[in-house]
Amino acid sequence: MEEVSVSIALTWIDWVIIVAYLLGMIYIGLYFQKKNKSFEDYFLASKGLTMPLLIGTLVSTFFGLDTLFGTSEIGFYEGVTGFFAYALPYTGMYIIVACLAPKFRELNSNTFVDIMGDNYGKFSRVVSALSSFFYSTNTMELMGMGFIFALVFKMPYWLGVLIAAAIVVIYTYTGGLWAVATTDMIQFLVMTVTLGVALILCWVDVGGFHQVQAGIAAYLGEDPWYYFHPSGGYLTAGVIAAYALTSLAVLCEPAFLQRIFASRSPKEARNALFIGTPIWTAYEFACCMLGLTAVAVVGLGMMEEPHANQALIAVVMKYVPAGFVGLFLAGVLAAAMSTADSYFLVSSGNLVYDFYRPVFKPDLSDEKLVAYTKRAVLISAVISVALAFYFERIMGVWVFQASIIINTVLIPLYAAVFLKKLKKTKLSGTLATAVGFFGTIAYYIMITVAGYFSEDWETMVMELNLFGRTYVLWQEYGIFLIPPFVLLAYIIGLIFGKKDDTKGRAPAREGA
């Protein structure tokens, strides 16, 4: 069956809801501008985020359009595997982060880069800041928002990207984390409620499980049992474990750690993560099931086949009533904006607080620190927009981002926080971050230059001949090939480094 593009017809009620939502986001940013009198106010919301705000901003930040469209796309192609094999490992990681959150909050740091600098010196601080900045670019979200704006407002894709970026920048630039957290709370409610209601409406209107099963069978022309099997009938434990490794990024997720540092207390940070975990899990499940439902609707002849990454929107547009369509599209935009605003703020802090100030201006005043951080929001936006226009296949960008934060930060950061009795050395942090950061870049360049894009696996691969045997390396393999070398470098640094060589700490932190 030939794929067709989704067409959206909106009523005046839908338009009112969407425009009111976008204007409301801008208003909130302007409203909170007066609360930002210091860097701690702007970047960490005065370290006063309450548990409800924490839940809203944590959940909405980590769920963007990659989750909404990516998980539903896998559900369209493979069924519940999209939840069990790809999404569920993250649930386990959320629980682990919840257990560890109080320990991070007790440090009273402003960023995790502070911890790296305090324990390992300036080089580790700078490299960690750069890895966090690369991770926090908003390429995927801006590409997704450009697509949504083009779809809804019938405008060119490039214009949609620019308008979406401008809206997010305005309330992030003016309001800082107070505005981001407040808008995230609203976006959290909109995106979760609309998605849940949409799933119920679509599932009931199609006719429940038996009709869904019959529709998938008609679409496939065979027994659809594997659409309801956790492994999809083909994934092995090893393959699932390889995919699960990407969830390690949660352990050093810059936006997560920023929220933990901004919470009122260690207990509230922990409880917010525990409460958010089932919400994250339910959201992923709903995305997957809407993708699966779209297959059934196509199989029953009730809808033309959309592109898989548009399946969720296509099936929702068919079954939800006028007015709710506008609310749902606002929820889609919320999913993107709640992620974009957080990473604009984090990446601006990486550039100014974590990199520029300790390297070039250690005596930078708090007033200028806030001013420069605001300007860095614009820099981050420009870079993210440029990347959104440059890349066609964004999956390679995500693999690079996840790999560079995991490989550079994970081992030295957790050794610093949880192995207090271990005598840290400047050399251990320097070697570990250097191997992780530059090793990841080198591996990614090697796969990109010497490899090719596999249509079968939809990823970059490279064939390597050793001792008469051919090995196929995926770009994803860097996440587990490089960390052993990072660990080895860290141990070598502990052995040969001087025990007192981390005395040259970063300058005193504002608000610490």
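Modeller: The lining of the largest cavity consists of Phe-43, Asn-110, Thr-111, Phe-112, Ser-132, Pro-254, Leu-257, Gln-258, Phe-261, Val-346, Asn-350 and Asp-354. Two elements each give two or more residues to this lining: α12 (254-262) and α15 (324-360). Of the elements, α12 gives the most, with four residues. Helices here are DSSP runs of H or I with at least four residues, strands are E runs of at least two, and both are numbered from the N terminus.

This is a predicted model: local features need pLDDT of at least 70, side-chain atom pairs count only at pLDDT 80 or more, and totals for chains, interfaces and linings use all residues. Residues are numbered from 1 along each chain as its sequence is written, and side-chain values use heavy atoms, with hydrogens and water left out.

Now the space itself. The largest cavity holds about 80 Å³. There are four cavities of 30 Å³ or more. A cavity is a set of points on a 1 Å grid over the protein atoms alone where a 1.4 Å probe fits but cannot get out; lining residues have an atom within 4 Å of a point. Points are joined across faces, edges and corners, and the volume is the space filled by probe spheres set on them.

Terms used: On a 1 Å grid over the protein atoms alone, a cavity is a set of points where a 1.4 Å probe fits but cannot get out, and a pocket is an open set with protein on both sides within 12 Å along at least five of seven lines; lining residues have an atom within 4 Å of a point.
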